[in-house]
Amino acid sequence: MESLFITFPQHEQKKRKIEKKKEVVEEEGSGDGMDKEEVENPATDAWLMKNRKSPWAGKKDGLQTELSEEQQKYAEEHARKKAEKAGGEKGEVVAEKTTFHGKEERDYQGRSWIAPPKDAKASNDHCYIPKRLVHTWSGHTKGVSAIRFFPKYGHLILSAGMDTKVKIWDVFNSGKCMRTYMGHSKAVRDISFCNDGTKFLTAGYDKNIKYWDTETGQVISTFSTGKIPYVVKLNPDDDKQSILLAGMSDKKIVQWDMNTGQITQEYDQHLGAVNTITFVDNNRRFVTSSDDKSLRVWEFGIPVVIKYISEPHMHSMPAISLHPNSNWLAAQSLDNQILIYSTRERFQLNKKKRFAGHIVAGYACQVNFSPDGRFVMSGDGEGKCWFWDWKSCKVFRTLKCHEGVCIGCEWHPLEQSKVATCGWDGLIKYWD
């Protein structure tokens, strides 16, 4: 009769060995006659058996009741820091003030000072590139980080200063500062009007976003996540003007319902601070750019990226503008060029169009279009404002506008040959 040899696979053999040993240990251990050396050597199975504890076994037996002085100190310190953080998590609180600088807030007909002039309409549809300086607004004590014309009419211009103030200036008549809005404790990074210009948003480095009444200067509401907002936008649809989007330093785009003050959505896919938010496709979608050197396209209200654009050669794009025909996006790229992306389904880079010559590396210089779409313009790091022809991509003209960086430039919505620029020298200039 042949003897049967069963060979177990190796891991099975090991398992059996351990189990056998266990049995031996348990038998020996039942009389507590465990091999003392084995039990005291943590490398052995015997030690493991004796000291084995289920991970759920309470830590009751060895509970240390008194904290040592040092631990106590640490715990208190930790609690204090946590409380401080919770307090300082939201933006800093500042008393909000506003000053009206005009003659009167209502004229003899009872019209508000922000009412657009009756005769304001576009003189012609053809835009010309300005040649000379016609006015300088000075009043900010530090650099001006952004300017925005009053929507549709452009009779007022709003400016965000690094001196924590936001000011609004008269464009058509006196050319004076009409109102100063003080509600931030640090530099103001971005400003944005609502569609009819009666209200606007400000985003400050004090981590606050404020929603202001343009006419009275009252703060309607304040929003904060405890992170720095880099860009603020309202949904451009007239029926969604209560929806605020903000691109944050913690990589998120946060959406608030301003009526309730609740955060209704978070778009959280970027890998770096979010710099721009641009609505496209009849405001159904929006494009965001970030320090992570990518562009992402989102369906409004749905926190899933529908298009992700990131190429090895891409640089960060801190400023983006929509072409007046809304088929193209111009993106200021930090390798000193302006790239053009289509806003149609594919969001492809238009390889035939790129605008270069200016030096913007390191600065979020705004890029913009003339209202008729024939010219592209951008400030640069050396204080110049550049104008290119949209069709040929050739440089049309450069103006030396500011000492230091020319950060913002906007074309007047109605007066086709007028442009405003702002710079880190604290000035806002108006060109014709």
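This is a predicted model: local features need pLDDT of at least 70, side-chain atom pairs count only at pLDDT 80 or more; totals for chains, interfaces and linings use all residues.
Residues are numbered from 1 along each chain as its sequence is written, and side-chain values use heavy atoms, with hydrogens and water left out.

The secondary structure comes to 4 helices and 29 strands. Both are DSSP runs numbered from the N terminus: helices are H or I over at least four residues, and strands are E over at least two. Contact here means heavy atoms within 4.5 Å. Among contacts between residues at least 6 apart in sequence, 46% join residues at least 24 apart.

Two strands count as paired if DSSP finds at least two bridges between them. S23 (residues 367-369) runs antiparallel to S24 and is joined to it by 3 bridges, with Val367 opposite Ser378. The hairpin of S23 and S24 has 5 residues between the strands, and Gly373 takes a positive phi near 80°. S25 (residues 384-389) is also antiparallel to S24, over 5 bridges. In S25, Trp386 is the bridge partner of Ser378. The hairpin of S24 and S25 has 4 residues between the strands, and Gly383 in the turn has a positive phi of about 85°.

Another set of strands forms an open sheet, with 4 strands in the order S19-S20-S21-S22 and antiparallel pairing. Its edge strands, S19 (319-322) and S22 (349-356), each pair on one side only. The twist averages 25° from one strand to the next, where axes are lines fitted to C-alpha atoms (for helices over the stretch in contact) and angles run from 0 to 180 degrees between N-to-C directions. Within this sheet, S20 (residues 328-333) and S21 (residues 337-342) pair over 6 bridges, and Ser333 stands opposite Gln337 in S21.

In soluble globular proteins, nonpolar side chains tend to be buried together. A nonpolar core is a set of buried Ala, Val, Leu, Ile, Met, Phe, Trp, Tyr and Cys residues joined through side-chain atoms within 4.5 Å. The largest one has 18 residues, and those with the most contacts inside it are Trp113, Leu158, Ile168 and Tyr181. Strands S4 (156-161), S5 (165-170), S6 (177-182) and S7 (188-193) are the elements that give two or more residues to this core. A second, separate core of 16 residues includes Val144, Ile157, Cys177 and Ile407.

The structure holds 0 disulfides, a disulfide being a pair of cysteine sulfur atoms within 2.5 Å. For Cys422, the nearest cysteine sulfur is that of Cys406, 6.7 Å away. Cys422 counts as buried at 0% relative accessibility, and Cys393 is buried with a relative accessible area of 17%.

Terms used:
Buried means under 20% relative accessible area, exposed over 50%, partly exposed in between (1.4 Å probe, protein chains only).
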